[in-house]
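My entries follow in the order in which I looked things up.

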Amino acid sequence: MEQASQTPAAVAQPDDPAPGSAKARRLWLVCNPASGSNDAQTQREAKQALETAGFDVARTLYFPDDPAPEAADLEAQGVEVVATFGGDGTVHAVVTGLFGWGGAVLVLPGGTMNLLAKTLHGPASADEIAARLESGEGRRVRTPVIDTRHGTALTGVLAGPGTIWNEVREALRDANLVEVVATARQAISYSTNGPKVVCAETDCGREDGYAAITVNPGEEGLSARGYYAQSLADYAGQGIALLNRNFRNGPHDDLGIHQRIRLVCPAGEPMGLLIDGEPFDGEPEEIFELAPCEVDLIATREV
């Protein structure tokens, strides 16, 4: 199977051997038992589906107790494909850790949001994806990603005081109702009164800024949206959209498509950041640039 080019969304040619063709390809499977759609039964089903598709599942890793695989180990063991079956955090760790590797990563939906899996396969289950590979539908791609000073974002960045809603999400994940109430109140207050973030590009939305700005990679560039609210009720509704990472449902302005975006906090305070859903401490100014992913991903979604 030929390796994809270094341009965003490059795909292998139609006559390339499919990743799931008859000759068994050696594969390592990375699971995360703590992810939203992941337990012993679903892990067994995912492994069986991969084997049915023609892969030799030589090893199963349980992240984060087991470290993410490294390119040198995969090359030494003759592994051609690493499959991830976990949430977006697991996917991020595995994919970015394999930048520069000559094999390919198969992202299966094993978490709550499964954002990269949906980009690569659409709303398909692990079984459906494996069936597509068995019938030869897989291809290797290099999807667009975002370069940041904190690392690579595979699916998107959220910046601004609205990132505090991530703490509400963590409380919900822990099923701590008292903490959910406390953090939700704090989130509404901080979203209302916290230092806003502006997009510093030309004609890029409101001069007084937004409670949150999202940046997502696409083939044409980085798509930016600014999220605001006029009342506490609006903030609560927007917060729910942020919790679900379904940003389109919140009240927002489209801020255009860019190859490079500079976000600034006019108050000079560090901005909150979520990169692929994981929190980071931002600076008062952050720059984001479009780039190609640095390892091949396997896609089955129709193009």
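Entry 1, strand pairing. I am working from a predicted model, and I began with strand β7, residues 144–148, which runs antiparallel to β8 and is joined to β8 by three bridges. Within this pair I noted that Thr-148 stands opposite Gly-151 of β8.

I searched the whole structure and recorded nine salt bridges, of which I followed up a few.

I looked at Arg-260 and Glu-289, whose side chains meet in a salt bridge at 3.9 Å, N to O. This pair links β14 (residues 260–264) with β17 (residues 285–292), the two residues being 29 apart. I noted Arg-260 as partly exposed at 38% relative accessibility, and Glu-289 as partly exposed with a relative accessible area of 38%.

Which residues are linked with Arg-142 in a network of salt bridges? I found Arg-140 and Asp-296 in that network. The side chains of Arg-140 and Asp-296 meet at 2.7 Å, N to O; Arg-140 lies in β6 (residues 139–142) and Asp-296 in β18 (residues 296–299), so the pair ties together parts 156 residues apart in sequence. Buried means under 20% relative accessible area, so Arg-140 counts as buried at 5%, and Asp-296 counts as buried at 0%.

How values were computed. Residues numbered from 1 in each chain as written. Predicted model: local features only at pLDDT ≥ 70, side-chain atom pairs only at ≥ 80, totals over all residues. Heavy atoms only, no water. Pairing = 2+ DSSP bridges. Helix = DSSP H or I, 4+ residues; strand = E, 2+ residues; numbered from the N terminus. Salt bridge = Lys/Arg side-chain N within 4 Å of Asp/Glu carboxyl O. Buried < 20%, exposed > 50% of the residue type's maximum accessible area, 1.4 Å probe, protein only.
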